[in-house]
Amino acid sequence: MSPAEMTAQGNYNEEPGICKIDPWLKPFAPVIKRRQESFKKWVKEINQNEGGFDKFSRGYERFGLKVLPNGDIVYREWAPNVNEASLVGEFNDWDRSKHPMKKDSYGVWEVHVPANNGTPAIPHDSKIKISMITPEGERIDRLPAWIKRVTQDLNISLAYDAVFWNPPQKYVWKNNFPKKPTSLRIYEAHVGISTTEGRVGTYDEFTDNVLKRIKDLGYNAIQLMAIMEHAYYASFGYQVTSFFAVSSRYGTPEALKRLIDTAHGMGLYVLLDIVHSHACKNVLDGLNMFDGSDHCYFHEGGKGRHDLWDSRLFNYGHWEVLRFLLSNLRFFMEEYRFDGFRFDGVTSMMYLHHGIGTGFSGGYHEYFGDAVDEEGIVYLMLANDMLHKLYPRIITVAEDVSGLPGLCRPVEEGGIGFDYRLAMAVPDMWIKLLKEQRDDDWNIGNICWTLINRRHMEKTIAYAESHDQALVGDKTLAFWLMDKEMYTNMSTLTPFTPIIDRGLALHKMIRLITHGLAGEGYLNFEGNEFGHPEWLDFPRAGNNNSYHYARRQWNVVDDDLLRYKYLNEFDRAMQHLEEQYGWLSSPQAYISLKHEDHKLIVFERGNLLWIFNLHPTQSFADYKIGTEWAGKYSIVLNTDNKKFGGHDRIDEGQSYYSQPHEWDGRKNSIQVVYIPCRVAIILSHC
């Protein structure tokens, strides 16, 4: 059975499968089935008219510029609104009369550029454009929508130029795809900021200098941000202008391929932060008004504009828009060998209000009512189903704040088809606690509830903080904890201050309990693992276009005389311990103790017993802990270890033995000799 035929199949029962998992969804079964029917209709029509999804989603092989075996070049572009079109560039002295294009009945323009004695007539790395005339007689020049390389020359213009990328030496891949991780530990990274210097970093520098750090820390996946070309660097990559071009500010496409290839050789998955939720409103170097109309790739009028992001919104119900977006996913899988995607802005895609000024209470009516954009939901179903059928190794992650039921269940069950969703409430909780409450007032029950509150049988990526908290205007956990003392009291040659002592302790504990309780995967944004001492701010008018804060200060973690090394070493120990015990791929934890006065939390997960004392001042000796497992226990991780910046108050060589005495609802109990304040220990059951 071909991939295309596989996509058309599915066991669509009378009652959607997700209603069996969650009976509270049964009243909404008709809506779920309607979505399934819309999905099946698209699959049927694409199979009938395009020869299946495999062919349909390879639009990048038909559209844009394609070099034939004899050296001829065929250029095709969908621009239904215009009356005339021609391919212009340096190769024909920008003469609009030399290579006119012909239009078919579907609005697709085409031109053949004959080779010169077997050599393509358009030189590699030379500039090109499509020049068009609208029905109103206006001449408009645009960058080809499917272009694979765009560059910027600030000495000439802020706008990007399209170039024909056809290097004589193609990149030769050296490594096989890595094994799909069962416990996903993601290192979120941005190539441009990954240098200590005040400039834009490169793909090659990331490959040579940063990959080894990620591997050493024990992460098994990288999530690359800001790869799709974006004209405005300070947009963090979320205002995409050229969807098939990787950002040229970091280097060449071949350099990115080398990065991914090298990561694969290290056993690292590489996920792309994909932006299909909206597009930059740029006209000269974007998709906006591509053929002179307001509705080429986007909805017309207000429906096609995101008021908060000041960007354009795709028309997910249009045939050619689906071809463009699905082909975009296939392109990055085939051309660059990414292993999956983190879909940005999924909430905006799934709701007509785009999440603007709207809170989600968790009431199911919010997910199946008139506010839902079913075209956006069906697009995500098509994308996920196609990707998982064609690439069994793939991982897809949804950035969604709404909590939509079924988001991470298969399409044939009535779900949307993602593998994971981001636990976006968790970092908000930690920031709120640090910002608004004294440590004595932390509600242990609420902390535990927020960490475990996720949908049954839908996997979640847990994180204590991501790039959002690192951006200027917000603060990282390290900054909330230690603030200005990070600049004055992080030297190992100075005594611990109360603020630094508290900051190091809680930084470790917050990450550890999030890792252990909050999901089936874990994510960290680069630099946050060691408490990066400054915020992230890209060059812009408001900071005199400075790169000072658009970098990562690896030098502070490499300095043996600074305490950042302790946090880095703890993160490393935590990731490697998860690799050993695999708690992320284990069933959800059982919490046996949530003691509000003592500020103690105890839970079992991954054949490990986790004990957290969040009390700011009170330590406990001979504390009785319940456990389901009988036998011997030993310490495998202790946040108070001196190598993690702790005080070495616990003898890690001691063993603990259970007694057959029921405690805290567990069959056995152990007497923990000592659990100091602001310390967490993990015990292994032997």
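Biologist: Which order do the four strands of the open sheet follow, and is the pairing parallel or antiparallel?

Modeller: The order is β1-β2-β5-β4, and the pairing is antiparallel. This is a predicted model, in which local features need pLDDT of at least 70, side-chain atom pairs count only at pLDDT 80 or more, and totals for chains, interfaces and linings use all residues. Residues are numbered from 1 along each chain as its sequence is written, and side-chain values use heavy atoms, with hydrogens and water left out.

Biologist: Why are β4 and β5 said to pair?

Modeller: Two strands pair if DSSP finds at least two bridges between them; strands (E, at least two residues) and helices (H or I, at least four) are DSSP runs, numbered from the N terminus. β4 and β5 (residues 108–113) have two bridges, so they count as paired. In β5, E110 is the bridge partner of K102.

Biologist: What makes β1 and β4 edge strands?

Modeller: β1 (64–67) and β4 (102–103) each pair on one side only.

Biologist: How many bridges join β23 and β24?

Modeller: Strand β23 (residues 600–605) and strand β24 (residues 608–613) pair in the antiparallel sense over six bridges. They belong to an open sheet of six strands, ordered β22-β23-β24-β29-β26-β27.

Biologist: Which strands does helix α16 touch?

Modeller: Helix α16 (residues 564–581) touches β24, β26 and β29, where contact means heavy atoms within 4.5 Å. Its direction makes about 140 degrees with that of β26; axes are lines fitted to C-alpha atoms, for helices over the stretch in contact, and angles run from 0 to 180 degrees between N-to-C directions.
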